[in-house]
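Let's take a walk through a protein model and see which parts sit together. Keep the 3D view open as you read.

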Amino acid sequence: MDAKEHLTAWFAGRVPAGWFVGSVDVTVDRDEILVVGEVPRPELPPDLSPEAAQVAWAGRIKAHREDTREDRIGIAQEAEVAFGRKVAWGARCGDRTEVFTSLGVPVMTRLRMPERQVLDTLIDAGVARSRSEALAWCVRLVGRHQGDWITQLRAAMTDLDAARRAGPQLD
């Protein structure tokens, strides 16, 4: 069992029944565990506009966040001790997903002048307030527009990890 599978199983067993519809989605990186589940949709009139549905879904997510706050904190503290990572929570309702509190992890990088000029242009244009914010904006842009490629890359890495585990083991 790999680490993600272990964490998914742990949270499936630890999250109280009734919080979410179906199983939780667990995403893991070196610093954080993100747990997102689908909350039940509110019953809406059939003639409600898509914008009004978004408002209702946001309200359901907010209610879930407030109603589960104490228990989520307790589960997160337990997981942080057990797994050495911070835990963030989120909820999904309809096509709306909100992450409640996720880490903003500083990342060090070295950029040459042409890359710094790109960041500075974003600052000068008012797109970002700092180089850090401009770099985060660039990463989100790549993630949004190259999402299929990133997904393929992640799948290839998962296949590579499986091949390594299946290979010969040295004692």
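This is a predicted model: local features need pLDDT of at least 70, side-chain atom pairs count only at pLDDT 80 or more; totals for chains, interfaces and linings use all residues.

Helix H3 (residues 113-124) packs with helix H4 (residues 131-145) at an angle of about 100°, and their axes are 9 Å apart. Those two values are what you want here, because two packed helices are described by the angle between their axes and the distance between the axes. The angle makes H3 roughly perpendicular to H4, because anything from 65 to 115 degrees counts that way.

Which residues of H3 and H4 meet? On the H3 side they are Arg116, Leu119, Asp120, Leu122 and Ile123. On the H4 side they are Arg131, Ala134, Leu135, Trp137 and Cys138. Sort the residues of this contact by kind and you get seven nonpolar, three charged and no polar.

## The loop in between

Now look at Ala128, which has its place in the loop between H3 and H4. Is Ala128 buried or exposed? Ala128 counts as buried, because its relative accessibility is 5% and the cut-off for buried is under 20%. Leaving aside neighbours within four places in sequence, Ala128 is in contact with Leu122, Ile123, Glu133 and Ala134.

Asp2 has its place in the segment before H1. With a relative accessible area of 33%, Asp2 is partly exposed.

## The nonpolar core

Next comes the largest nonpolar core, which has 22 residues. Phe11, Val15, Val24, Ile33, Val35, Val87 and Trp89 touch the most other members. Where do the core residues come from? At least two each are supplied by helix H1 (3-14), strand E1 (21-28), strand E2 (32-38), helix H2 (50-83) and strand E3 (86-93). H2 gives the largest share, seven residues. As background, in soluble globular proteins, nonpolar side chains tend to be buried together.

Take Val87 as an example. Not counting residues up to four places away in sequence, Val87 touches Phe11, Ile33, Val35, Ala76, Ala79 and Glu80.

## Rings that pair up

How many aromatic pairs does the structure hold? There are five. One of them is formed by Trp10 and Phe11, with 4.9 Å centre to centre and 80° between the planes. This pair is edge-to-face, because its planes are over 60 degrees apart. Phe11 is buried, with a relative accessible area of 0%.

Trp19 and Phe20 form another edge-to-face pair, at 6.1 Å centre to centre and 90° between the planes. Both Trp19 and Phe20 are buried. Zoom out and you'll find one aromatic cluster formed by Trp10, Phe11, Trp19, Phe20, Phe83 and Trp89.

## A histidine beside the rings

Finish with His64, which has its place in helix H2. His64 counts as buried, with 8% relative accessibility. What is His64 in contact with, leaving aside its neighbours within four places in sequence? Its contacts are Trp19, Phe20, Val39, Ala91 and Phe100.

Note on methods. Residues are numbered from 1 along each chain as its sequence is written. Side-chain values use heavy atoms; hydrogens and water are left out. Rings of Phe, Tyr and Trp (its six-membered ring) pair if their centres lie within 6.5 Å; planes under 30 degrees apart count as stacked, over 60 as edge-to-face and the rest as tilted. Buried means under 20% relative accessible area, exposed over 50%, partly exposed in between (1.4 Å probe, protein chains only). A nonpolar core is a set of buried Ala, Val, Leu, Ile, Met, Phe, Trp, Tyr and Cys residues joined through side-chain atoms within 4.5 Å. Helices (H or I, at least four residues) and strands (E, at least two) are DSSP runs, numbered from the N terminus. Contact means heavy atoms within 4.5 Å. Axes are lines fitted to C-alpha atoms, for helices over the stretch in contact, and angles run from 0 to 180 degrees between N-to-C directions. Angles under 35 degrees count as roughly parallel, over 145 as roughly antiparallel, 65 to 115 as roughly perpendicular and the rest as oblique. Ala, Val, Leu, Ile, Met, Phe, Trp, Tyr, Cys and Pro count as nonpolar, Asp, Glu, Lys and Arg as charged, and the others, Gly among them, as polar.
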